[in-house]
Structures are given as C-alpha cells and as structure tokens.
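This report covers a barrel, a pocket, a helix residue and a hairpin. The sequence and structure come next.

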Amino acid sequence: MKKILLTVFSVLVYAVSYAQLLTWTPNFPTDNSSITITVDATKGNKGLQGFAGPVYLHTGVITSASTSPSDWKYVQGQWGTTNAPQATGSTNTWSFTIPNIRAFYNVPAGEQILRISILFRNQAGTLVQRNIDGSDMYIPVYSAGQFAVRFTSPAMQPMYNMIPEPIGTGVTSLPVTAVTSQNAAITLRFNNNQIGSATNATTASGTANVTTNCEQAITVEANNGATTLRDTINFFIPPAVYPTGARPAGRKDGITFENNNTEAVFILYAPGKQRVSVIGDFNNWTQTCSGLMSRDVDGNGNFYYWARITGLTPGQQYRFQYLVDDSIRVADPYSELVLDPNNDRFIASATFPNMPAYPTGKTSGIVGVITPGEAPFGWTDGAYQRPNKYNLVIYQLLVRDFVFNQNWQSLKDTLPYLAALGFNAIKVLPFNEFDGNNSWGYNPMYYFAPDKAYGTKNALKEFINAAHNNGMAVIMDIAFNHATGQSPLAALWWNSSLSRPAANSPYFYETAQHDFNVFNDFNHNVAPTRYHTERFIEHWLTEYKLDGFRWDLSKGFTTNNTIGNIGAWNSYNQGRVDIWQNYYNKMQSVSNSSYCILEHLGNPDEEAELAKRGMLLWGKMTDQFTANVTGNAGGSDVNTAYWKNRSFWNDAFLDDKPGLIAYAESHDEERVMFNALNAGGSVVAGNLNGALARTEAMAAVLMAIPGPKMIWQFGELGYDFSINSNGGRTNPKPIRWDYFQNTNRRRLYEVFAAMAKLRKQKPDAFNRTTISTGTSLGSNLWKTVVINHASLKMVVVANFNNSTQIQSVTFPATGTWYDYTNGGTYVVSNTTQSVTLPAGGYRVYIDQNIPGGLVTNVRDIIANSNEFKLKVSPNPVQQQATITYELPKSGQVSIQLINMQGQVMATKNMGFQLKGYQVQQLNRDLFGGISVTPGQYLLQVRVDNVVRYEKIVMQQF
C-alpha cells in the first residue's frame, strides 16, 4: 500500500464565524470541469466589504509553464476596465462560474493547469479583494482521477499554499470537516485523539474541544484502499496570561547573539500589536509557548516584544519570521539576509552560492535568516584614505546594467578600468534588499540586507575592500523617502482595504505629503523613523565600511503637507534642514568625513544652508550641457555648474566648501549622446564622430569647473541608448563594453581620464574658488574656464558653435603653456590671446608640463601569429581547454569570447601581465559561469591595443 504524507504547518485562532474568504464547488475541480467560485468580502483584506458593485474578476492560471506563483498565464480581462469577467451577487458576496477551466482560459493541450489565480475588484481596480496579507488568491486544480484530501473547516485562506484563516478569538470548540475526491476511510484526530470518522465516504466531520493552551494539532487520514493521505494543521492557543517582562538591558531592536553565539535575543518594536511569536527552523515553523515573545511596555505605552532562542549552533543558518496578531508574517526589520518565495529562484548560483532554501509549505512572505557566530570578514584596506569630499570625482553605476554577470564579483573585476579612468569614487544605485530582482533599487523593503540579486554580503565586502585598495570610495545610493508595502515597517501597520499605511503606523504617513512620492511616504518627524534611519547609517558605515550615502529624494523628508503646491515643497523648510542636520551628525559620529549627498534639487537658499553644514548637493545640469553639445545657444548657460554662481551660494563661508556635485548625466536623465544624435536641432544629428568630439569638449569644460563632479556609467564612452529604450526608463539597457574598442569613443574616455588625473594631482586648484577673470559659462556657445591658483593655472576653451570661431581668451599669466590633451606648447606673450577653434573644438592649456593628459588616437593593432602567438587546445573545445599565448609586450590583458555575428559574449580582465609566455584555462568559470550554445566563435586576447584572434569551435561548454 502506497502512503503519502502531506503536512501543513500553520497557525489558527478560533472564531465564532466559520465562513471562508473563498469557497468553490466542486471541492476538487479538474482542468476540464466547471467550477463556481464565491468570495466573502468580510474576510481576507476586506477590500470589497460594503461595496455594492459591479464586481469584476482578474484571473489567470498557474501552469507547468509558470516560473513562480506570480507568473500568471492566460489572464482574462484588462485591469481597470469593464473588459473583464463580471461576478454576480450583492454586497459582500460575489460569485462566478467557469463552465470549463481549460477552455475558459484557453490553455493549450499538454500544459498542466496547477492553480486558478484570482482577484475580485471594482471597475477601476482601486478596491481589490485579496488574502488578509494582501497576497493573491489561488484555487488548486487536480488531475482527473487524482485521489486528494483537504480541510474545508476550519476555514482555509486561499494562498498559494493554503493556511487556516486567522479570524478572531474566544471559541473553545471548533468544527472540523475534511473532504476527499474519492470514497475513502477517513479519520479525524485532535491532539492524537479521534474526533470523527467515516467509512466509504467523501466527508468526515468532528469537533475539536480545546482544553489546554499552547501547541495543538488537527490531522486527517484518508485511505482509498491503495493510497493513504495525511494532512495536518498545527495551531496555537495562547496562554490565558500573556508573558511580560523587561527586555534585556542594553540590547538594540533586532537580533543580538549571546552566550558564545548559542542564543539569540529577538526584539521587535510593535506598538498597537497584541501578540507576537517568533517562528522558524528552531520550532518547526509553528507557534509555541516558548516562541511567544514577552511584552515590554515603555514609558509612552509602546509595546516591545522580545524572546530568547537557545540551543543554537554557531555557524549554522536559521530561517525565521515574526507572526504578529496571528495574521502578519514578516522578517525582522534589521535582518541582514532575507528569503523571497517568488524571486530567489531566478538568482544564479554563481552570484549567490549555497543560498538557503525557502521553507516552502511552512509559511508565506519574506523570511529572515540568522547565522550566529558568523566568521568576520578579513579587511585588507588599512592603508586606504578616504578622498576629501570636495575633491570627489564620482562614477555612478547600476550593477545590473554595467556588468554582464550582474554581481559584485564581476563589478570588482572592472576596478582596473575605473582606476585607469582616474575617478576616486563609485556611487552604486540602491543595493539594499528591494522588491524583485530586476530593478533600479528604488523600491526598498529591507534596509539592512544586501539584495541577493547582486550576490552575498561577503562578495559586496570584497568589492568595497578592493575599491578602497584602488583608492576609490564606495557610496551607497539609498531611498529612505519611501518604502514598499513589503517592508515590515509598512506591513505591520497596513490598511489592506485602501492599500496604504494604516492611521496608527509609527513610521509612515497614511498618504503622501508631497507630489513626487512613490510607494509609502516615511514620516521623518517621528522618533521610530529617525531611530531606524540612524541604525541604518551606523550599520552600513561600520559593517560594510561604506564611505557615504547619496540620499534619494531628500527634499521629501519634509515637515509639512505640500500636496498640490510644488512651490511650497521647494521653499525653505527649517524643519527639513533640522532633520538632515541630525542625520549628518549621526554619519559623522559613526564615520568621520563620510559623505552625505542629497538629491535635493530645491531652492538655492535651503541648498546653500545644507552645504554650509557640510552636506553635498546634487547639481543637475543635463539640459544645459546637452544644449552645448547639440549647438543650441538657448539654454546653454552652465554658470550654475559652478557653486559660487548660484544665488545664496556666494557666501564667503562657501569659498572653500564647494558642496555642489555638478553633472551632465545621471541615471535619471536622458543621455547626452542620445540627444546629440537624435534631438531635433542638433548640429550633429546622426553624426557619431562629430557628437563624440563635441562631448569631449563638454567633458573638458565640466571637469574643469571647480567642485566635485559625477558621470553616469558609460558616459565616458558616449553611451547613446535612450533612457527609455527597451520598453521603459527602468528596464535593462544594453551593456556596451565593446565601445571601448572604438577609437573615437576611447578618445572621450581619455579626455575624462586626463581631466580626472589633473584634478587628482592638483586638488587645491579644484576644491575652492579658483575661477578667475576670463571665465565665460553663459549662453554664448564659446565657453572658457580660467583657473588661477598657486598650484595650477589652467585655461579651457571650447567652441560649441557650428562654425569655426576666433575669439579673445584671457590667460592669468604669460609664458609657455602646455596643450594638456593634445601635446605641444603654446606661448602666451600677452594675457589676452586670440584663439581659433573649429566647430566642436576645444583646448586645455596648463602652465606646467604635467604627465597623464595627452589624448592619443588609439587604434587597435591586429597582430599575426608570428607577432603574437595564441593557441587553444583542444580545439574543438569540450567543456574546457588550455589557452597559451605569448605577449609581445607587458600591459593590461583581457580575453573575450565573440560570436560570429561580432557580439561579445563574455569578457575576462586578466589585469597587468608581463611580456612573454602565459597560460590560462578556458572553462565556464573563466567567464563567470556563462553558458554558450555549440558553434564557431572567436577568442580574442588583447594586451593594451595589440589584439590577436583565434577561431575556435565550442562543442560543449
């Protein structure tokens, strides 16, 4: 006799009413059967409670082709319209009948239907009936002839893995009913005592009489003569007296390990919550009396809940959640690793090796992971000195769109490229845990956990450690103006019917306080939000040794409601200044000289005040620099790229505090090169080389203006894909490392590198008010920047007109000057000189011969087999081979795999290698675990600009 055990671990609280959120007939629908589905809007999130109609369905199916519970197939109807199936019924009770499931959804033959996925909504989709936690509702679909058993009472919540509904308290006896799809012998037990049975039946009922507290279990066993099925509901009855007591002194909110890492103290701030249990691997994911957290009430009447879990093994991972008021499941807000049931499966093992498995079938929602006694990371960056904030030259990037493998390991491999560029800081778009895997990161949910889509915490630390050893700071972009509904800070106090924070949320406003908010608006005027933010600051600046933060939408940290009045939102707000002063103070107390960068984009008076206090401000100049590159005089005034030219910034206190980070591109702006090639009125539309030349001139002017600077990834190569390409601004963009092989694109790289190196060698010439007479940054398309400092005198001249120009330029001194980016000298006999420049031309003159600035027309040299020996053996390649090559010179080496269409499939930077014989294994690990289809490829080995190719056949890789 075959025996199958099915177990459901869950939580149940008794209730007087036993109605279900979702019911259906028949009990075991098959893919070709009809089904009638009924929803009770007084259950679940109560999204349609009291609504009089009409009500529409949003429904699809989960099939064998689905990749996750959220991957609905064959969806019926269009959201927010009447073009959708319409339910029948009246207030609170609505039904819909599907005559034939496979035909209704038009599912092809051979594709197995696993579940019906369903929501009920009003026409606009603003009122939606869901499960109590806001998740989607599902109905299992069975195979024809399948023997199955399920509970119909206690009431079950129709999640992907069903759990009993938490619907109240106060009942000491509970009706229990189980049904089967075939006649069977059915036995019901409560705490191992039989409470009901039936023979040769499809239904059995009984009553569970509760006489004790703590852990309880209802089981059903069904036998059809060939197979035995068993299902279990574990539930919990809290003790009559709730445990109370002061939480351990000196412990912060979150998780603290004690007693040689064999114990963990969990502390959750949860005002307004009546009961909290910690569940997880240590108690089989069930509520237990030992896991019931003690309540500690502070002087303001706020509840803290805490528990001590003992018997832990150091070094072992434990998964856990908080179960709050028997209905809300969240990880700890301070979790440093969380598991996502919907998205983790798509993360490559090469990116996150040995990821803990999600406890499928035991819980739902985000799960936390702790590792007591985790080995500390071995930092080796002791010699690193953080660059002065006023000397920053920042490279902004998104891991997803910058490296092919989209992880920290690959990003670390690009550090030689960025170091050669001469920039001294890397700002990475948000990488704390965000919703999904494919994102810019501005949809945060857990603030203390690195997002697994980019790799492990140690891989992140290795990248930061390596960046520091290359002299580069690492800056974290962070969105703390808002969080998504999956954030535990939002989920714990959530208005499900309105899909927004509840009125009693200690962290969020119910509705946004300004017009530019997304998701849920944090209230930074209250102590809980400030505490969480300050803990975040301390965590990342110490645990990860980050150098600072760029705070997204910092103007949103407001103290007043300005909805509908953007002018009022922009206006000076002393309360907002005070909020930022507090966070800045926290940053400096934790990590002195750390960078506090604000995307404020507000009125100059408030920005100047924040700059005086030591903060750095985002200096958007995209439209103005684009106008110069495209040859449009209107809007080409770039005066305010220099902080002293901004109103309220001319205070003498700011003479040596250039707190403005001016940039021509950021992640949020249309790419300059795209506009140059495509915008109407551009003098270089369709002319790539012309546009690149004018962008060189822009780079020279931008980088010459004193004060910190920033560019967006691949801007140094003239990236020319629109921000809106590939279906939208936040969608993935092509990764074009091949641009570096284009001569004119590499010239642009070299201009940025030359200017960055000059700034690095003569920092005092660029971190104070050194601009001198003769500077012209206004609406004339002839631009000049004149620097006059004891350490460096410099004149940058650029002609953004569409014709050759001859104009007077003021030099701060006579004598011999050096053409920094082209080579040669320029004799200045009079401080007023007549300079001739072609359209798009520029010059960088300096008063001393400083190496590192010459920009050459670099061209690839294709070497032959005598000049550059290269062999792959065996060839054809099966799984692996050996690459042997003899370098004709010492230099920076890279290996690329290129398909026969010229597409670069993978790149491995080998770093600096000496002239002569080298050996390298060719396998999947070389390129980060990639897979390629069998066929012909080119293997390219490059040392600087000398290139050698070998044709190879990949039979298996």
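In what order do the eight strands close into a barrel?

## Basis

This is a predicted model, in which local features need pLDDT of at least 70 and side-chain atom pairs count only at pLDDT 80 or more, while totals for chains, interfaces and linings use all residues. Residues are numbered from 1 along each chain as its sequence is written, and side-chain values use heavy atoms, with hydrogens and water left out.

## Barrel

The order is S28-S29-S32-S37-S38-S39-S40-S41, with parallel pairing. Strands (E, at least two residues) and helices (H or I, at least four) are DSSP runs numbered from the N terminus; two strands pair if DSSP finds at least two bridges between them. On average, neighbouring strands of this sheet are turned by 25 degrees against each other, direction ignored.

Helix H13 (residues 688-704) packs on the sheet and touches strands S28 (393-397), S40 (660-663) and S41 (709-712); contact means heavy atoms within 4.5 Å. The direction of H13 makes about 145 degrees with that of S41. Axes are lines fitted to C-alpha atoms, for helices over the stretch in contact, and angles run from 0 to 180 degrees between N-to-C directions.

Opposite Gly548 stands Tyr595 in S38.

## Second largest pocket

The volume of the second largest pocket is about 1,200 Å³. A pocket is an open set of points on a 1 Å grid over the protein atoms alone, where a 1.4 Å probe fits, with protein on both sides within 12 Å along at least five of seven lines; lining residues have an atom within 4 Å of a point. Points are joined across faces, edges and corners, and the volume is the space filled by probe spheres set on them.

Its lining has 45 residues, with Asp413, Tyr417, Trp737, Ser894 and Asn909 nearest the centre. S53 gives the most, seven residues.

## Gln588

Gln588 is found in helix H9 (residues 574-590). Gln588 is buried, with a relative accessible area of 16%; buried means under 20% (1.4 Å probe, protein chains only). Leaving aside neighbours within four places in sequence, Gln588 is in contact with Ser593 and Ser594.

## Hairpin S17-S18

S17 (residues 214-223) runs antiparallel to S18, joined by 10 bridges. Glu215 has Phe236 in S18 as its bridge partner. Three residues lie between the strands of this hairpin, where Gly225 takes a positive phi near 100 degrees. In S18 (residues 227-237), 10 of 11 residues are buried.

Technical notes
Buried < 20%, exposed > 50% of the residue type's maximum accessible area, 1.4 Å probe, protein only.
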